[in-house]
Amino acid sequence: MPKPKIVFINPPYERIAKGYEFVKAVTNNVPSLGLLHLAAEVRLHGYEPSIIESDHFGYDEAKVAELVIKAAPKYVGITLFTVGVWGAAGIARLIKKALPETIIIVGGPHISSMGRETIQRFPEFDYAMVGEGEKILMDLLAAIEGERNFYKVPGLIFRDGGEIRNTPGNAVNKSLDELPFPAWDLLPDFPRRYRPAIYDYPAGPVATIAASRGCPFHCKFCDTSTFGAAVRAYSPAKVFEMMKHLQDTYGVKHIMFVDDLFLASRQRTMALCEMILANKLKMTWTCCARVDTVKPDILDLMKRAGCWEISFGLETGSDELLKAMDKVASVVESENAVRWTAAAGIRTKGLFMLGYPGETAETIELTKAFVKRIPMTMMNLSKFTPYPGSPVYREIYGTNIRDDHWEKMNGMNFVWAAPGLTVEQLDREFQSLLKAFYLHPRVMHQYTMLTLRHPGHFLRSMRFVFGYFGAKLKSLLTGRKGSLLRESAVHLDHLPQKDATPPPKAAEAHVHEEATHTH
């Protein structure tokens, strides 16, 4: 007898700050790898899964709920980023109204850092899973179906007799090789509908793989509560098998490794590269690395094995700010890593943030000078966001619980401003920093040549350019002096000081940009 249906949802949310809608033409549009893993796991155990990727089809909350109600599943699983909590709750509310017996399970980064508070606030959510989902979900489904005690399911948050309960433990997957391949086949028109950010790949189709989980470092702005500090990885043979499967089955030409730290093991990276070369696998790929994990020899091997671009969390051109972030890196080390990577013939993507506590006009100028002098190919600049679960969140707000601005926590909206800087100043500096890099003659030449070699990027880039100038003109005509922000509904909180009164609440806005890069 077939087991019940389960629908997994990546809910809709505004990925872009108001005023920056033109950025949508060039941003990341890849599917949720976490949901693909969960769907594969439940299917392995006899369930009938399906996946709704809301943003890819332009679905709003009502449309997502309509699709779920039509499918009439017994279970619904929703992945939650902080910015998407309210939208997910709206979907759950509509589902519960039509299908009151449907069980709604939530997980994801927001739950791993603020699960109990979320369950308290939203009665529409029945269960919350903390940490990696595969093992917890199977244990939870067994408990719901009477085959296991709820209190024996590690990492679970649920209601019992009106009380909210947390079970201890974290059901991490110690051997990733035992997991089934992600359920790519459940995605309509995969992989052609799902494109990464513009210029993040040479030519599609593209797919994502997480070759490892966990990060042993503790940068203050980062929340690692989902996968933890212990690094666990697929074997090089398993990663190669996935790459070959994607190429043979779906015609994938480029792989984006989305691990927090692809180069956590030099030995594992070298083994994979040698396997790719020995089997003459013709694919390009990108990955993320820390600046202290690359050296010329391994970069040369990676290049020969198809590595096209490496993303580094460079953050800033200020050593003082790097220390404040607990980055355990220096500007000199960052510059060396970028230069070695460029010398190996691999593109470099620098991940930066603006507005971290301690940011000043002087540190911003240091960053501008830094991005101009290094041979970086792409710059990803985010607006500092103190995410729940991160150490800097606790430093700024003095608490782990603060839910009045979840809908704005997207990396593309300033929800906090350092003393001495206003949100409007930060927004102007945000544009200035991007222009300092992208209008550099060397960079403009690189992108011209890349566009000529890969015309698929051209249309997306033109939509972005015309959108930017249109937004800029509208800002000038409406008296906003070039600022692209259409509202100032953001928090102007400062670091707590003695006898300081609590900061006032500001009106809420609904915004989001791809959270998805980890610095």
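Trainee: Over residues 399-403, under what value does pLDDT stay, and how many contacts beyond four places in sequence does the model have for them?
Mentor: The pLDDT, the predictor's confidence in each residue from 0 to 100, stays under 50 there, and the model has 15 such contacts, a contact being heavy atoms within 4.5 Å. Residues 488-519 also have a pLDDT below 50, with 95 contacts beyond near neighbours in sequence. The chain averages 84, and 83% of the residues score at least 70. This is a predicted model, in which local features need pLDDT of at least 70 and side-chain atom pairs 80 or more, while totals for chains, interfaces and linings use all residues. Residues are numbered from 1 along each chain, and side-chain values use heavy atoms, without hydrogens and water.

Trainee: What makes β14 and β15 a pair?
Mentor: Pairing requires at least two bridges found by DSSP; six bridges join β14 (residues 347-354) to β15, so the two strands qualify, and they run parallel. Leu354 stands opposite Lys383 in β15.

Trainee: Why is α12 called roughly parallel to α14?
Mentor: Helix α12 (residues 361-373) and helix α14 (residues 423-438) pack at about 20 degrees, with their axes 8 Å apart. Angles under 35 degrees count as roughly parallel, over 145 as roughly antiparallel, 65 to 115 as roughly perpendicular and the rest as oblique; therefore α12 is roughly parallel to α14.

Trainee: Which residues of α12 and α14 meet?
Mentor: Among them are Ile364 and Val371 in α12, and Leu433 and Phe437 in α14.

Note on methods. Helices (H or I, at least four residues) and strands (E, at least two) are DSSP runs, numbered from the N terminus. Axes are lines fitted to C-alpha atoms, for helices over the stretch in contact, and angles run from 0 to 180 degrees between N-to-C directions.
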